[in-house]
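This briefing walks through one structure, topic by topic. It starts at the ligand and moves on to strands and backbone geometry.

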Amino acid sequence: MQAIILVGGEGTRLRPLTCNTPKPMVPIANRPFLERMMTHLKSHGITDIILAMCYLPDRIQNYFGDGSDLGLKITYVMEPLPLGTAGAIKNIADQVELTDSVLVFNGDVLTDVDLGAMLDFHVERHSMATIALTPVEDPTPYGVVQRDAEGRVQRFIEKPGWDAITSNLINAGIYVIEPSVLRYAPPHLHFMFESGLFPVLLQVGEPVYGYPTNAYWIDIGTPQRYLAVHHDLLMGQIRMQFQGEARGNNVWVGADSIIDPTAKITGPVVIGNNCTIGRNARLTGPVVMGDGCTVGADCVLEDVVLWQGAEIHNQVMLKTCVIADHTNIGDNSWITNGAIIGDCVTVGSGNRLEHGIKIWPHRTIEPSTITF
Ligand code: GDD
Ligand code: MG
């Protein structure tokens with residue numbers, strides 16, 4: 001079976017993390033998100049993967065190559081301009097033969113949904129398009145799907161206001177489609193599943209079904225959810241392998257990393273390769289440190305994701321924040337409460353970055369500039 005992953009979006013809501021890194025390549029516990037997703041597909045025997053690309057495609061292609069390192073066959077299809085979610089699939093169908101029912105994934109959803117069971121559901125109902133549905137507390141940022149008693153979709157409402165919400169089941173961004181439905185998509189034009197193809201299929205009376213699942217599911221596309229997925233992953237809500245030596249108590253340590261004996265590490269904590277953790281530093285999971293990070297003396301880290309090469313000086317407090325590649329954080333700084341620090345940022349000593357503040361790549365914040 002072929003699986004198409006939509007990886008062409010710009011990931012605007014995840015900026016500044018996605019300024020230089022396409023959303024599918026943001027690390028999830030030190031592995032690109034897309035690698036984690038494709039590993040899930042492989043566990044279901046799906047190895048023929050087509051990527052619908054548009055934004056920063058080289059980063060993706062250079063990392064995965066032909067996919068053979070992961071035991072996959074990866075085909076890359078570029079869009080000259082963003083063609084939208086359904087337009088991207090139509091564009092692929094022009095270039096690659098889609099042989100049978102095809103799985104389509106939004107390239108930012110992490111899930112352990114049973115794909116085999118979803119496919120059986122699709123086949124049993126002679127569905128033309130089947131949409132995986134997941135319950136959420138706040139459906140407003142998603143597509144809400146209304147079904148009849150047999151599970152046939154009656155209405156699809158993308159990003160509804162609260163007054164239009166009739167169900168807490170939303171489109172999980174995972175579909176099984178019959179390639180023939182693509183005849184309803186105009187060629188070479190921007191066309192979305194959500195606002196275009198699904199409404200058209202419903203209008204012409206094609207059978208579209210919703211497949212509800214209680215499997216783990218998250219869209220990683222905002223900083224809050226990016227932190228949440230690390231929390232869930234490290235707390236064991238979804239099973240994945242971590243790199244490094246398992247030291248017990250949910251602590252994994254990569255090669256050539258040095259932890260001062262006075263440091264206190266309380267799992268779940270994943271430490272990459274070539275990291276250094278200084279005197280009396282205190283790490284309380286969930287914490288992820290990418291390769292080549294340094295944490296100085298007396299630092300406190302809790303609920304933190306560090307990408308690669310972060311240099312954290314002494315007596316720094318990092319709590320509920322994300323720090324991207326090659327940042328430098330000066331002594332006595334506090335970075336807390338949902339702060340997101342982009343690549344190559346320098347934070348001088350004594351700053352307090354809090355309340356969801358976002359610092360764009362390559363900025364320098366002079367010592368003691370932000371202190372409220
Ligand atoms: N190739 C390509 N071309 N991919 C695209 C394009 C495009 O023009 N536009 C968006 N994508 C990809 C994005 O990269 C992402 O992987 C996926 O399509 C979904 O786009 P998002 O921007 O993340 O959409 P969303 O999260 O607001 O809403 C979608 O996902 C929700 C579930 O997470 C919708 O499908 C909702 O209905 C759904 O509930
Ligand atoms: Mg999304």
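The model is predicted, so local features need pLDDT of at least 70 and side-chain atom pairs count only at pLDDT 80 or more, while totals for chains, interfaces and linings use all residues. Residues are numbered from 1 along each chain as its sequence is written, chains are lettered from A and ligands numbered from 1 in the order in which they are written, and side-chain values use heavy atoms, with hydrogens and water left out.

**Ligand site**

- Ligand 1 sits in the largest pocket. A pocket is an open set of points on a 1 Å grid over the protein atoms alone, where a 1.4 Å probe fits, with protein on both sides within 12 Å along at least five of seven lines. To sit there, a molecule needs more than half of its atoms within 2 Å of the grid points.
- The shell around ligand 1 holds 27 residues; a residue belongs if one of its heavy atoms lies within 4 Å. The closest are Glu-79, Glu-158, Asn-171, Glu-194 and Asp-219.
- By class, the shell has 11 nonpolar, eight polar and eight charged residues. Nonpolar means Ala, Val, Leu, Ile, Met, Phe, Trp, Tyr, Cys and Pro; charged means Asp, Glu, Lys and Arg; the others, Gly among them, are polar.
- At least two shell residues come from each of strand E1 (2–7), helix H3 (84–95), strand E10 (153–158), strand E11 (169–177) and strand E13 (217–219). Helix H3 gives the most, with three. Helices (H or I, at least four residues) and strands (E, at least two) are DSSP runs, numbered from the N terminus.

**Polar contacts to the ligand**

- A polar contact here is a pair of N or O atoms within 3.5 Å.
- Backbone N or O atoms of Gly-84 come to 2.7 Å from an oxygen atom of ligand 1. A polar backbone atom of Gly-107 also lies 2.7 Å from an oxygen atom of ligand 1.
- For Ala-52, a backbone N or O atom is 3.1 Å from a nitrogen atom of ligand 1.
- The protein covers 91% of the 740 Å² of accessible area that ligand 1 has on its own, by the Shrake-Rupley method with a 1.4 Å probe.

**Strand pairing**

- Strands pair if DSSP finds at least two bridges between them.
- Strand E9 (residues 143–147) pairs with E10 in the antiparallel sense over five bridges. Val-145 stands opposite Phe-156 in E10.
- Five residues separate the strands of the E9 and E10 hairpin, where Gly-151 takes a positive phi near 90 degrees.
- An open, parallel sheet of seven strands runs E16-E19-E21-E23-E25-E27-E30. Strand E16 (258–259) and strand E30 (364–365) are at the edges with a single partner strand each, so one side of each has no neighbour in the sheet.
- Within it, E23 (residues 311–312) and E25 (residues 328–329) pair in the parallel sense over two bridges. Glu-311 stands opposite Asn-328 in E25.

**Backbone geometry**

- Most residues other than glycine have a negative phi, and most peptide bonds are trans.
- The bond from Arg-15 to Pro-16 is cis, with omega near 10 degrees. Pro-16 is in the loop between E1 and strand E2 (27–28).
- Gly-285 and Pro-286 are also joined by a cis peptide bond, with omega about 5 degrees. Pro-286 lies in strand E20 (residues 282–289).
- Lys-159 has a positive phi near 45 degrees. Lys-159 is in the loop between E10 and E11.

Notes:
A polar contact is a pair of N or O atoms within 3.5 Å; within protein, one must be able to donate a hydrogen and the other to accept it, and residues adjacent in sequence count only if both atoms are side-chain atoms. On a 1 Å grid over the protein atoms alone, a cavity is a set of points where a 1.4 Å probe fits but cannot get out, and a pocket is an open set with protein on both sides within 12 Å along at least five of seven lines; lining residues have an atom within 4 Å of a point.
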